[in-house]
Amino acid sequence: MRIEEVRRSERKKGRFLVRLADGDILRVTEEELLKFGLCAGLELDRETLEALKASARTSSARAAAAGMIGSRALSKRELTRRLIRKGNGEADAQAAADWLEDIGAVDDAGYAAALVRHYGGKGYGPARVREELRRRGVDRALWDGALEEMPEAAEILDGLIQKKCRGELSDPKEKKRISDALLRRGFPWSDIRAAMGRYTEMMEDE
């Protein structure tokens, strides 16, 4: 396959566009440009062309992955899924995610701990935080270690009840409204019941 034109991309820094005789356009890096000796008029045999295309796909997936992880933290699984949704092949997406993990740009353990601190700090309970870890593709093997970053449930619940309670917890409707809200936040009923007991005692002492 003959290369008709090689030119620098106007949109992507460090990228070059290689237009082939069949009209196909490959987006390559300067490293690939030098490695394959790419220039207008060069004839590429089938094996070299396939190797070039594979290398270009790898470079494209890595660039996309780096862009995604640079804008916000992601788990390795989240990153892989996003790359596939953007049109990258599964193998290329997985390889790009592996590459970022190898250089320390993707750290699922650190990401999981940060998620736990974030949602725990917003007043969510263990069940809700676990669901968030699952939704974001964090490996279950990392959950227990990450959940050690959770604030004390009693402290969170005491603050939430004081903030949300509009009346006496002796009122069944008020008690149900508060308990339902806390259950939705992911706290177990045993912790909620204990917190309600502490609140009632505090109100009686005042």
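# A guided tour from Glu78

Select Glu78 to begin: at a relative accessible area of 10% this residue is buried (under 20% relative accessible area, with exposed meaning over 50% and partly exposed in between; 1.4 Å probe, protein chains only). The model is a predicted one, in which local features need pLDDT of at least 70, side-chain atom pairs count only at pLDDT 80 or more, and totals for chains, interfaces and linings use all residues. Residues are numbered from 1 along each chain as its sequence is written, and side-chain values use heavy atoms, with hydrogens and water left out.

## Glu78 and helix α3

Glu78 belongs to helix α3 (helices are DSSP runs of H or I with at least four residues, strands are runs of E with at least two, and both are numbered from the N terminus). Display the side chain of Glu78, which reaches the backbone nitrogen of Ser75 at 3.0 Å. Apart from its neighbours within four places in sequence, Glu78 is in contact with Tyr111 and Arg136 (contact means heavy atoms within 4.5 Å).

Just after α3, Gly87 takes a positive phi of about 105°.

## Arg136

Next select Arg136, in the loop between α6 (126–135) and α7 (143–147). Arg136 is buried, with a relative accessible area of 11%. Its side chain and that of Tyr119 are joined by a polar contact of 3.3 Å (a pair of N or O atoms within 3.5 Å; within protein, one must be able to donate a hydrogen and the other to accept it, and residues adjacent in sequence count only if both atoms are side-chain atoms). Not counting residues up to four places away in sequence, Arg136 touches Arg72, Ser75, Glu78, Tyr111, Leu115 and Tyr119.

In the loop between α6 and α7, select Ala141 as well. Ala141 counts as exposed, at 66% relative accessibility. A C-alpha to C-alpha distance of 9.5 Å separates Ala141 from Ala109, and the two are 32 residues apart in sequence.

## Helix α4

Move to α4 and select residues 90–102. This helix of 13 residues reaches 18 Å from its first C-alpha to its last, close to the 18 Å expected at 1.5 Å a residue (the expected span is 1.5 Å times one less than the number of residues). Which residues of α4 are buried? They are Asp92, Ala93, Ala96, Ala97 and Leu100. Seen down the axis of α4, these buried residues fall within an arc of 135°, so they line one face of the helix (the arc is that of the directions from the helix axis to the C-beta atoms). An α-helix has 3.6 residues a turn, so residues three or four places apart point the same way.

On the other side of α4, Glu90, Ala91 and Asp102 are exposed. Among the elements covering the buried residues of α4 are α2 (46–71) and α3 (76–85). Just after α4, select Gly104, which takes a positive phi of about 85°.

## The sheet

Finally, select the three strands, which form an open sheet in the order β1-β2-β3 with antiparallel pairing (two strands pair if DSSP finds at least two bridges between them). β1 (3–8) and β3 (25–29) stand at the edges with a single partner strand each, so one side of each is left without a neighbour in the sheet. Direction ignored, neighbouring strands are turned by 25° against each other on average (axes are lines fitted to C-alpha atoms, for helices over the stretch in contact, and angles run from 0 to 180 degrees between N-to-C directions). Display α2 with the sheet: this helix packs on the sheet, touching β2 and β3, and its direction makes about 65° with that of β3.

Step through the strand pairs in turn. Five bridges join β1 to β2, and the bridge partner of Arg8 in β2 is Phe16. These two strands form a hairpin with six residues between them, where Gly14 in the turn has a positive phi of about 80°. Five bridges also join β2 (residues 15–20) to β3, with Arg19 opposite Ile25 in β3. The hairpin of β2 and β3 has four residues between its strands, and Gly23 in the turn has a positive phi of about 90°.
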